[in-house]
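Colleague: I would like to go through this model feature by feature. Please give the general idea each time, then the case here.

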Amino acid sequence: MADTKQAERKAAKLAKQITAFAKQHGGAEGQLAHLGQMGTRIVLVGEDGGWGDLVAPTHAVAQSAAEKAGITLHESFDGDFAAKVRTGPYEWSRMAGIQIGGPSNG
């Protein structure tokens with residue numbers, strides 16, 4: 001039973017973080033991505049295009065946190081949901097920039 005209470009506390013803490021993110025970004029939607037033994041990533045996309053993520057120890061905790069926060073969850077990170085993400089210079093230079101001729105990481 002201690003594990004259940006611990007999972008509930010973790011879900012409540014994550015829900016507060018999700019709610020704060022949503023408030024800062026005019027609302028939010030999410031997607032859950034399995035990370036193997038590390039847990040489940042909660043990918044968040046705000047209505048303003050801002051994005052971030054949190055990691056829950058289990059899929060059940062991630063699902064519970066998202067439900068407590070009242071966000072819409074998507075099955076996959078594609079289509080209209082992915083198109084909402086707005087990236088800046090940092091993302092271009094650190095992720096995609098090298099492959100498509102952006103600034104180097106050096």
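Colleague: In which strand does Glu29 lie?

Modeller: Glu29 lies in strand S1, residues 28-34. Helices (H or I, at least four residues) and strands (E, at least two) are DSSP runs, numbered from the N terminus. This is a predicted model, in which local features need pLDDT of at least 70 and side-chain atom pairs count only at pLDDT 80 or more, while totals for chains, interfaces and linings use all residues. Residues are numbered from 1 along each chain as its sequence is written, and side-chain values use heavy atoms, with hydrogens and water left out.

Colleague: How many helices and strands does the chain have, and how do they run from the N terminus?

Modeller: The chain has four helices and four strands. From the N terminus on, the elements run α-β-β-β-α-β-α-α.

Colleague: How do I read the sheet, and what is the order of its strands?

Modeller: Strands of a sheet pair through backbone hydrogen bonds, either parallel or antiparallel. For the assignment, two strands pair if DSSP finds at least two bridges between them. Here the four strands form an open sheet in the order S3-S2-S1-S4, with mixed pairing. Strand S3 (51-56) and strand S4 (72-74) are at the edges with a single partner strand each, so one side of each has no neighbour in the sheet. The twist from one strand to the next averages 30°, where axes are lines fitted to C-alpha atoms, for helices over the stretch in contact, and angles run from 0 to 180 degrees between N-to-C directions.

Colleague: Which strands are joined by antiparallel bridges, and how many bridges are there?

Modeller: S1 and strand S2 (residues 40-46) run antiparallel and are joined by seven bridges. S2 and S3 also run antiparallel, with six bridges. S1 and S2 form a hairpin with five residues between them, and Gly36 in that turn has a positive phi of about 75°. In the hairpin of S2 and S3 there are four residues between the strands, and Gly49 in the turn has a positive phi of about 95°.

Colleague: What is the bridge partner of Glu29 in S2?

Modeller: The partner is Val45. Val45 in turn stands opposite Trp51 in S3.

Colleague: Is Glu29 buried or exposed?

Modeller: Buried means under 20% relative accessible area, exposed over 50%, and partly exposed in between (1.4 Å probe, protein chains only). Glu29 has a relative accessible area of 12%, so the residue is buried. In S2, six of the seven residues are buried. Over the 106 residues of the chain, 33% count as buried.

Colleague: Which side chain makes a polar contact with the side chain of Glu29?

Modeller: A polar contact is a pair of N or O atoms within 3.5 Å; within protein, one must be able to donate a hydrogen and the other to accept it, and residues adjacent in sequence count only if both atoms are side-chain atoms. The side chain of Glu29 makes one with the side chain of His74, at 2.3 Å. Contact in the wider sense means heavy atoms within 4.5 Å. Not counting residues up to four places away in sequence, Glu29 touches several residues, including Val43, Ile71, Phe81 and Lys84.

Colleague: How many aromatic pairs does the structure hold?

Modeller: Rings of Phe, Tyr and Trp (its six-membered ring) pair if their centres lie within 6.5 Å; planes under 30 degrees apart count as stacked, over 60 as edge-to-face and the rest as tilted. The structure holds one such pair. The ring centres of Phe77 and Phe81 are 5.2 Å apart and their planes are at 80°, so the pair is edge-to-face. Phe77 is partly exposed at 38% relative accessibility, whereas Phe81 is buried at 3%.

Colleague: Where is Ala15, and which residues does Ala15 contact?

Modeller: Ala15 is in helix H1 (residues 2-24), and is buried with a relative accessible area of 5%. Leaving aside neighbours within four places in sequence, Ala15 is in contact with Ala65, Lys68 and Ala69.
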